[in-house]
Amino acid sequence: MSERPSLWWIDWRLSRPPLVRETIGRFLYFCLLGFALLSLLLSGGASRFLADRYAITAVLRAEVPPAGAEGLARKVAGLPPVRSAAYRDPEAAWAEFLRAYPGLDPLRGAGGNPMQGYIEIRIRPDRLTGADVDLVTSALRSVPLVEQVLAGDEWLPRLLRAGRLASLACWGIFGAFLAGFFLVGRLQERARALALAGDFAFLAERGVPARRLAFFRAAAAAVSGFLLAAAGTAAGGGALFLSLRKFPFLEGAIGPPSDLLLPRTIAAVALFSCGAALLSAAASLLGWRAARSVRK
Amino acid sequence: MIEGFRLGVFSRGATLWDGLDIAFGDAAAWFVAGPPSSGKTLLLSILRGERRPDAGDVVVSGESLYRGSAAHARAWRASCGHVPEQTIADARLTVGDLFRRSALAGGGVRESERKDRADRLLEMVGLPGSLEWRIAELSISERVRACLAAELLRGPKVLFCDGVVAGAGIPSREMLWGLFRALAREGNTVVLAERTIPERWALAAGDAEPVGPFRVYRLPLPGAKGDPG
């Protein structure tokens, strides 16, 4: 009696050229998906864009000394949702005012610098939520040195909702592309299973169970899916890294290139690769089943 | 030993045969002759474990193929070689693909070894240097011989050939006569299904045993009594 044949990479051993074409296509697609995934992970959808443009301004009382103001700024910077807190003294505030409204220099002549010092607080992109903004503003309002907190209370909820919708739309588009990968992959697997039907029937006639064939094809699809997704995402990440280095203005919307190497980013890529492996295996099994139902 | 007990087949709305008792001993070459549409191909597929008979059972090495364990049936099929009546199903393949596929079914053979053995087998069946040839471009005789050579690559313990002698043509008969008997002498079992037995083979085999619509001959082994050489 013959020994059990190894069925690993059976499609590769039976028919290489179409598989090479499919593999190249999938790799390029994963490069695109990887680029999009990493962009979304770093940017948090629209969060980084909004966080880059949103700031809480704590206007300090006129009598607050610079040392006290800087101490307060350091304390605020220690709050979990805060990315940065910078003190601007009255002179700096006046200079900024003039840059924004040129030609209003005569205002100062009447009674000295009318501007007060303030602390500009920026929120971390991943903590830009109503609750976290409330946490920071309520902490600031309880400080006697602070005269007024400007946090855009009227329009912030609308802005955050728009940001959430934009993020959802971005992830939705990404999900649609992933679903597209699954559907196209299923069609490719079905076409390949049909093309190799004669070979599979040959093997089945010679004692190779169809289930074993389907299992090993799916397992090979999972392994290749994982490797292709990991390699494609790495290549996409490289392209994103170069883009961020070449066009620094993108950092405002996407994030710094160094974030690509954060453990959470790498963990997300590993998770994505596992998901791609599962999708590839499912596409293989469904394609196999569809091909068998056509043959029957 | 392959034994069919009380085999019956219902096909195309009629009973093709029923109550068929047939046995093929090990290490022998058997020739089953039967008229067209008598169910020769069906008989081979039943004996190979591919198609459950509508009545009766097939016993191989003392265990039923259809009522025994699935592992036994799989192992049996893995030990079998089968050269079918020629179809156009494999037309897209090359002769080399047939060998690659056969090697895969046999548990994998190293590529260099496969090529070496394929070259020798193809030379033996009169198709030297044909590894790159496309099946679609081969004649019926060449296809039969290429398929036979590819099956022999795995060294099957039992070889079922359906219409191979007729398909290969008269010029290949001597080669096949020698090949099948040599396989039997080496301990393999060969079962051939054909419409008619070549006259010289029938003379050498002696009296046939009538089994249902078939006549079953046992070909003499080389050097045995009655062997014409």
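Two residues are in contact if their C-beta atoms, placed from the backbone, lie within 7 Å. Keep that in mind for chain A. Among its contacts between residues at least 6 apart in sequence, 83% join residues at least 24 apart.

Some ground rules. This is a predicted model, where local features need pLDDT of at least 70, side-chain atom pairs count only at pLDDT 80 or more, and totals for chains, interfaces and linings use all residues. Residues are numbered from 1 along each chain as its sequence is written, while chains are lettered from A and ligands numbered from 1 in the order in which they are written.

Chain A, then. It has 11 helices and four strands; these are DSSP runs, H or I of at least four residues for helices and E of at least two for strands, numbered from the N terminus. The radius of gyration of chain A, over C-alpha atoms, is 29 Å.

How is chain A divided? Into domain 1, 10–46 + 160–295, and domain 2, 55–127. Those bounds come from an automatic or database domain assignment. The C-alpha centres of the two domains of chain A lie 49 Å apart.

Burial next. A residue is buried if 20 or more other C-beta atoms lie within 10 Å of its own C-beta, again placed from the backbone. By that count, 33% of the 296 residues in chain A are buried.

Now chain B. Here we have eight helices and 10 strands. The radius of gyration of chain B is 17 Å, close to the 17 Å from the globule rule for 229 residues, so chain B is as compact as a globular protein of that length. The C-alpha trace of chain B spans about 45 × 40 × 35 Å along its principal axes. Buried residues make up 44% of chain B.

Where do the chains meet? 17 residues of chain A are in contact with 18 residues of chain B. On the chain A side, α1 (10–14) and α9 (197–205) each give two or more residues. The largest share, five residues, comes from α9(A).

Look at α3 of chain B, residues 95–105. Nine of its 11 residues are buried, so this helix is largely enclosed by the rest of the structure. Among them are B:Leu98, B:Phe99, B:Arg100 and B:Arg101. What do the buried residues of α3(B) pack against? They pack against α1 and α9 of chain A, together with α4 (111–124) and α5 (140–153) of chain B. After α3(B) comes B:Gly107, with a positive phi near 95°. Just after α4(B), B:Gly126 also takes a positive phi, of about 80°.

Last, the cores. A nonpolar core is a set of buried Ala, Val, Leu, Ile, Met, Phe, Trp, Tyr and Cys residues joined through C-beta atoms within 7 Å. The largest has 77 residues, and B:Val190 and B:Leu192 have the most contacts inside it. Its largest share, eight residues, comes from α5(B). Leaving out residues up to four places away in sequence, B:Val190 touches several residues, including B:Trp30, B:Leu159 and B:Phe180. Apart from this core lies another, of 27 residues, among them A:Ile56, A:Leu72, A:Tyr118 and A:Leu140.

How values were computed. Rg over C-alpha atoms; globule rule 2.2 N^0.38 Å. Buried ≥ 20, exposed ≤ 12 C-beta atoms within 10 Å, placed from the backbone.
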